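Please open the model in a viewer and follow the selections below in order. Each stop names what to select and then describes what is found there.

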Amino acid sequence: LRGSAVGKANGLAVHDRGYYAYGIPVVVSARVAPGDGGVVNIEGESGLSGEIFDKAVLILSGYLRSRYARTFPLSITASVCFEQMYTPIDGDSATAVQLCAILSAISVVPLRQDLPMTGSVNQLGDMQPVGGIPEKIEGFHSICAKRGLTGSQGVVIPRRNMVNLVLSDAVEADIRCGRFHIYAVGTIDQALEVLTGLDAGADDGSGNFPEASVNGAVSRELLRMAEVIRSYET
């Protein structure tokens, strides 16, 4: 719940037991290397993911191609895993955190570990609303409260989920006092800026990004990987 790490982020899941549902944080890790495997869904390869989850992972490859690899082939193999999750998982609410973990692994830019994220993302990079928002926020807040609130902890959620915020008195009190925070974002770029503290970097219309931005680092590394594959093939 502290510090930052490259290629690792905290997602938020809901365990539904019928009469009771509660949220828990889940570590999402990503590793990348030059190749042609695209985004490898470890849960899917293990038979632990449903059709909606599998579809969501395929969207990530589409986003990487359309955002960063319009002038060169996308030559990456990226594996994404929910660490120590041994039960079936479905839904698309982890798409955003998976994408941020992949982009962090590519750019070697660390992500904050005290800000888990939930949300779906489309191929355009827009954050889409998901279910279980109150349970996810309260579950993470409960863990932070037991460990000791630092004043920097919070959650990142889609902006369109703000209408679904019905939280406990304890969570609302800590938010009002600045001991816990909710960051509502509309795009994956905004999420990256919250999680990294850096400028995400806007596309100039030709597929180029500012050199000192997160997207600039991602684009440069993907180009390098494409050149590695090209030189290997020749």
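In this predicted model, begin by selecting helix α4 (residues 133-147) and helix α5 (residues 169-176), which pack with their axes 10 Å apart at an angle of about 75 degrees. Angles of 65 to 115 degrees count as roughly perpendicular, and α4 and α5 are therefore roughly perpendicular to each other. Display the side chains at this contact: I137, E138 and H141 of α4 meet A170, V171 and D174 of α5. The residues of this contact comprise 3 nonpolar, 1 polar and 2 charged.

Next, turn to the aromatic rings, for which the count comes to 4 aromatic pairs. Select F140 and F180: the ring centres are 6.3 Å apart and the planes stand at 45 degrees, so the pair is tilted. F140 belongs to helix α4 and F180 to the loop between α5 and β10 (181-185), so the pair ties together parts 40 residues apart in sequence. Both F140 and F180 are buried. Select also Y63, Y68 and F209, which form one aromatic cluster.

Now select the open sheet of 4 strands, ordered β2-β3-β5-β4 with mixed pairing. The edges are held by β2 (8-16) and β4 (38-41), each with a single partner strand, so one side of each has no neighbour in the sheet. On average, neighbouring strands of this sheet are turned by 30 degrees against each other, direction ignored.

Within the sheet, focus on β3 (residues 21-34) and β5 (residues 76-82), which run antiparallel and are joined by 7 bridges. V28 has F82 in β5 as its bridge partner.

Key:
Residues numbered from 1 in each chain as written. Predicted model: local features only at pLDDT ≥ 70, side-chain atom pairs only at ≥ 80, totals over all residues. Heavy atoms only, no water. Axes fitted to C-alpha atoms, helices over the stretch in contact; angles between N-to-C directions. Helix = DSSP H or I, 4+ residues; strand = E, 2+ residues; numbered from the N terminus. Parallel < 35°, antiparallel > 145°, perpendicular 65-115°, else oblique. Contact = heavy atoms within 4.5 Å. Nonpolar A, V, L, I, M, F, W, Y, C, P; charged D, E, K, R; others polar. Phe/Tyr/Trp six-rings, centres within 6.5 Å; stacked < 30°, edge-to-face > 60°. Buried < 20%, exposed > 50% of the residue type's maximum accessible area, 1.4 Å probe, protein only. Pairing = 2+ DSSP bridges.
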